[in-house]
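Trainee: Please pick a single part of this model and look at it closely for me. I would then like to hear about the rest, with the terms spelled out as you go.

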Amino acid sequence: MNLRALLLASAVSGALFSFGAQAADMTIGFSQIGSESGWRAAETTVSKAEAAKRNITFKIADAQQKQENQIKAIRSFVAQGVDAIFLAPVVATGWDSVLKEAQEAKIPVVLLDRDIDPAGKDLYLTAVTSDSVHEGKVAGEWLVKTVAGKPCNVVELQGTVGASVATNRKKGFEDGIAGASNVKIVRSQTGDFTRAKGKEVMESFIKAEGGGKNICAVYAHNDDMMVGAIQAMKEAGLKPGTEVLTVSIDAVPDIFKAMAAGEANATVELTPNMAGPAFDAIIAFKEKGTVPPKWIQTESKLYTQADNPMAVYESKKDLGY
């Protein structure tokens, strides 16, 4: 090979290496809500692992469930000039100003797990979420089928007030029981997606409903609140899983332990791997200009006591929950 050909080959090789290294050189900031639940902790752990697979520098800011902390984090990421920002929004509204700042800096934003108000859809690239309305509907339909026409008073543990996922999981459950006049929600209150608050609210439900005698089932917007509710029921002398049916969402390991013990009945899975599809979308967008769909939907699955809960627990226990 002559000198000119060698230099040309080296130049092409260098250009290809530079192009291929873009993902490895990429820095992405993630404004995480916090660690209020086992699922949220697993999402953070899995996100770190997915970033490492792709050699992406991944900066995580824990907002401790406060929107003002998330806004500060996004502004910090913009000032740092990151390549993209991931946002798990604690609530659905109040993002316009800070997301416009990211947009003006030409930094694409990807929503993880939760959506924002539809008015802000032009301010982010894509949202990687489950269909949380569908999750709630699956839970409601399971309960209707399980009680088989018998009267059933339900108490509901809602997620954080104002969070899109809480609003949607409530709507979905109501849709799921809409055709069954025998199934009624008699009490509904936020448990803020935490075990401690779930236990506290369940204790108040039990007192208000004749020591729990009037409660047929508990629906919780996440498993952590349900774990707290199960503890409250046991302390009140009730038998969750038999006397009182339970159905919740997320499929965290501890709910499978409760299922194996006969203290929980059903959960709808929310995968903690939202970041994997988000990283792939950002890499394709940055390297090839490929614009992803506005919504990348993840899969949901219903688990019951019939699904070998301890085997599922073993498969999930090391994911950071």
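Mentor: Let us begin with a helix pair: the axes of helix 3 (residues 38-53) and helix 11 (residues 275-288) come within 9 Å of each other and cross at roughly 35 degrees. Here helices (H or I, at least four residues) and strands (E, at least two) are DSSP runs, numbered from the N terminus, while axes are lines fitted to C-alpha atoms, for helices over the stretch in contact, with angles running from 0 to 180 degrees between N-to-C directions. This is a predicted model, in which local features need pLDDT of at least 70 and side-chain atom pairs count only at pLDDT 80 or more, whereas totals for chains, interfaces and linings use all residues. Residues are numbered from 1 along each chain as its sequence is written, and side-chain values use heavy atoms, with hydrogens and water left out.

Two packed helices are described by the angle between their axes and the distance between the axes. The crossing of helix 3 and helix 11 is right-handed, a term that applies if the near helix is turned clockwise from the far one by less than a right angle, anticlockwise being left-handed. From helix 3, S47, E50 and A51 meet A275, G276 and F279 of helix 11, where contact means heavy atoms within 4.5 Å. Sorted by class, the residues of this contact are three nonpolar, two polar and one charged; Ala, Val, Leu, Ile, Met, Phe, Trp, Tyr, Cys and Pro count as nonpolar, Asp, Glu, Lys and Arg as charged, and the others, Gly among them, as polar.

Two strands count as paired if DSSP finds at least two bridges between them.

Within this sheet, strand 8 (residues 217-220) directs A217 and Y219 one way and V218 and A220 the other way, and all are buried, that is, under 20% relative accessible area, with exposed meaning over 50% and partly exposed in between (1.4 Å probe, protein chains only). Strand 6 (residues 152-158) runs parallel to strand 8 and is joined to strand 8 by four bridges, with A217 as the bridge partner of V154. Strand 8 also pairs in the parallel sense with strand 9 (residues 245-250), over three bridges, and there Y219 stands opposite V247. The path from strand 8 through helix 9 (residues 223-235) to strand 9 makes a right-handed β-α-β unit, meaning that, with the strands pointing away from the viewer, the path from the first strand over the helix to the second runs clockwise.

At the other end of the order, strand 10 (residues 266-269) pairs with strand 12 in the antiparallel sense over three bridges, and T267 has Y303 as its bridge partner.

The loop between strand 9 and helix 10 holds A251, whose phi is near 65 degrees, a positive value in a residue other than glycine. Most residues other than glycine have a negative phi, and most peptide bonds are trans. A251 is buried, with a relative accessible area of 0%. F193, in the loop between strand 7 and helix 8 (195-208), likewise has a positive phi near 65 degrees, and at 3% relative accessibility F193 counts as buried.

Strand 3 (residues 84-87) points A84 and F86 one way and I85 and L87 the other way, and all are buried. Strand 1 (residues 27-32) is joined to strand 3 by four bridges in a parallel run, with I28 opposite A84, and strand 3 pairs with strand 4 in the parallel sense over three bridges, with L87 opposite L111. Strand 3, helix 5 (residues 96-104) and strand 4 make a right-handed β-α-β unit.

For the protein as a whole, there are 12 helices and 12 strands, and of its 321 residues 52% count as buried.
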